[in-house]
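Here is a short tour of the nonpolar packing and some backbone details in this protein. Have the structure open as you read.

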Amino acid sequence: MAAHRKPRQRSIGGHTARAAATLALAGAAGATAFDGTGHAEPQLTPAQVKAKVDTLYQQAEAATEKYDGAKEQADAAQRRLNALRDETARKQAKLNSARDALGSFATAQYRDGGFAPAWQLALSNDPDRYLDDAAFAERAGDRQAAAVSQVREQLREIEQLRGAARVQLSSLRSRQAELSRRKKTITGTLDEARRLLARLTPQQRAQVTGDDGNGSARASRSAADAREALAQAGPGSGPGSVAAPDSRAAAAVAYAYAKLGSPYVWGATGPNAFDCSGLVQAAYRSAGISLPRTTYAQINAGRRVSRSELRPGDLVFFYSGVSHVGIYVGGGQMIHAPNPSAPVRLAPVDEMPFAGATRVA
């Protein structure tokens, strides 16, 4: 049987040592990459920044529309809760009055109820008068019984109102929590877009946002031109290549032109700042037409029209989720509130994926 020999240890050197060192360095590099230290963020080109920022703004706008919808529901829940509380207070005051009346009657009964009715009749100096009084008391008792029944019904109604108010309060708190979550999503997305834009030079930012710093001046000139065109054309005409359907659509277009250069603020509905659906709502409110708050509801607020049928005042919607809206003004142009990096402005309808159009006037 052969004896077992202890294997001879080989020293690490040459190719083996170099391989080990390479592996060690690779491991260190991998660890550095995973723990986030020493890892330089790749430098993006302005075109790449624009693509990322556009995506972030679209995501923020979709979240903003959902936020606006949730806020509308929260406001409605608050109004219903306030109405329930007011009605409960009114019924409680009425109940208190009825209770006071019953209390007075009970006190009077206690004072006069020391003798049974038969003894009161026997001891009465005027039995006929007593019998008349007894009949009256019986009728009064019937009325009081009805009053007691009414008080019980009022108590049930108040309890029902309080139950409905508790349900409405729970709904309101749920809506408020949803608002908080959506606001956090929006602000986080917008902060990321701002960080990307901050890495660019002023010239590159102007290239990405399409604003060269003279946007307000151009907006003022456009608004003046629009007002002059509307004045010359008369009611029912827009500043575009075809007439608006009616004077209300023309008024909405005129309002939109007057707001060129106004800042974009998410959730805003004017008069000095807007988000996209807020601008549309404010424009038509100025024309006497009440529109829903969100793009999802606005697209169903009128008659659908094809792109080839567009006339000034029509609402034009974009993206597959219908998350953006503008007001068509003719000539293939719209006025819209684009995003936080750009004010209310004129833009081609075909600069975004077209999703549909609605005529509300």
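A residue is called buried when its relative accessible area is under 20%, exposed when over 50%, and partly exposed in between (1.4 Å probe, protein chains only). V322 is buried, with a relative accessible area of 15%. This is a predicted model, in which local features need pLDDT of at least 70, side-chain atom pairs count only at pLDDT 80 or more, and totals for chains, interfaces and linings use all residues. Residues are numbered from 1 along each chain as its sequence is written, and side-chain values use heavy atoms, leaving out hydrogens and water.

Helices (H or I, at least four residues) and strands (E, at least two) are DSSP runs, numbered from the N terminus. Most residues other than glycine have a negative phi.

| Residue | Phi | Relative accessibility |
|---|---|---|
| Y319 | near 75° | 17% |
| V322 | near 50° | 15% |

Another backbone detail is the cis peptide bond joining G270 and P271, with omega about 5°. P271 belongs to the loop between α7 and α8.

Now for the packing. A nonpolar core is a set of buried Ala, Val, Leu, Ile, Met, Phe, Trp, Tyr and Cys residues joined through side-chain atoms within 4.5 Å. The largest one has 30 residues, and I327 is among those with the most contacts inside it. Of this core, the largest share, seven residues, comes from α7.
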